[in-house]
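Please look at the sequence and the structure before reading on.

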Amino acid sequence: MRYRFPGSQRLPLTFNVNDQVVRLDPPPRLVFDDNHHFDFAVRSGLGIAQLYRATEIPAIEAGELVELLTEFEPGPVQFKLYYPTRNQPPKLRAFIEWFCG
């Protein structure tokens, strides 16, 4: 199973092999563009999927999901925030401070 953002191509499967990032794009059996249906399909046993581990820890600990290929788990995703250095509205400044925490 694979995920794709609405209006874009499906995301490749990403693995860490010998400290190198490897991306694979095999033909999926199912493709979803929303997390609700994606999670439902995985938990219903319709296939395997690459999910963000941090969001799935409770399901793993509860035995709802089983981890596969852990030795090839990619590194954590790091988000970046780009913003103007001048003329920041208060709401933007508050978000920046929260995000950079």
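## The network of R2, R10 and D25

Salt bridges link R2, R10 and D25 in a network; a salt bridge is a side-chain nitrogen of Lys or Arg within 4 Å of a carboxyl oxygen of Asp or Glu. The model is predicted, so local features need pLDDT of at least 70 and side-chain atom pairs count only at pLDDT 80 or more, while totals for chains, interfaces and linings use all residues. Residues are numbered from 1 along each chain as its sequence is written, and side-chain values use heavy atoms, with hydrogens and water left out.

In the bridge between R2 and D25, the closest N and O atoms are 2.6 Å apart. R2 belongs to strand β1 and D25 to the loop between β3 and β4 (31-32), so this pair ties together parts that are 23 residues apart in sequence. Helices (H or I, at least four residues) and strands (E, at least two) are DSSP runs, numbered from the N terminus. R2 counts as buried, at 3% relative accessibility, whereas D25, at 46%, counts as partly exposed. Here buried means under 20% relative accessible area, exposed over 50%, and partly exposed in between, with a 1.4 Å probe and protein chains only. Apart from neighbours within four places in sequence, D25 is in contact with R2 and R10, contact meaning heavy atoms within 4.5 Å. The C-alpha atoms of D25 and R10 are separated by 8.6 Å, and the two residues are 15 residues apart along the chain.

How many salt bridges does the structure hold? The count is six.

One of the bridges joins the side chains of E56 and R43, at 2.8 Å from N to O. E56 lies in helix α2 and R43 in helix α1, so the pair ties together parts that are 13 residues apart in sequence. E56 counts as buried at 7% relative accessibility, and R43 counts as partly exposed at 37%. R43 also forms a salt bridge with E64, with the closest N and O atoms 3.5 Å apart. This second pair links distant parts of the chain, 21 residues apart: R43 is in helix α1 and E64 in the loop between α2 and α3 (90-100). E64 is partly exposed, with a relative accessible area of 49%.

## The nonpolar core

Which residues form the largest nonpolar core? The core has eight members: M1, Y3, F32, F38, A41, V42, A59 and L65. Helix α1 (residues 35-43) supplies the largest share, three residues. A nonpolar core is a set of buried Ala, Val, Leu, Ile, Met, Phe, Trp, Tyr and Cys residues joined through side-chain atoms within 4.5 Å.

Not counting residues up to four places away in sequence, V42 touches M1, G47, A49, L51 and L65. In soluble globular proteins, nonpolar side chains tend to be buried together.

## The largest pocket

The largest pocket holds about 1600 Å³ of space and is lined by 44 residues, of which A49, Q50, L51, Y52 and R53 lie nearest its centre. On a 1 Å grid over the protein atoms alone, where a 1.4 Å probe fits, a pocket is an open set of points with protein on both sides within 12 Å along at least five of seven lines; lining residues have an atom within 4 Å of a point. Grid points are joined across faces, edges and corners, and the volume is the space filled by probe spheres set on the points.

At least two lining residues come from each of β1 (2-3), β2 (13-17), β3 (20-24), α1 and α2 (53-61). Helix α2 gives the most, with five residues. By class, the lining has 27 nonpolar, eight polar and nine charged residues. Ala, Val, Leu, Ile, Met, Phe, Trp, Tyr, Cys and Pro count as nonpolar, Asp, Glu, Lys and Arg as charged, and the others, Gly among them, as polar.

T14 lies in strand β2 and counts as buried at 18% relative accessibility. Leaving aside neighbours within four places in sequence, T14 is in contact with V21, V22, R23, Q50 and P74.

K80 is found in the loop between α2 and α3. Is K80 buried or exposed? At 63% relative accessibility, K80 counts as exposed. The C-alpha atoms of K80 and C100 are separated by 9.5 Å, and these residues are 20 residues apart along the chain.
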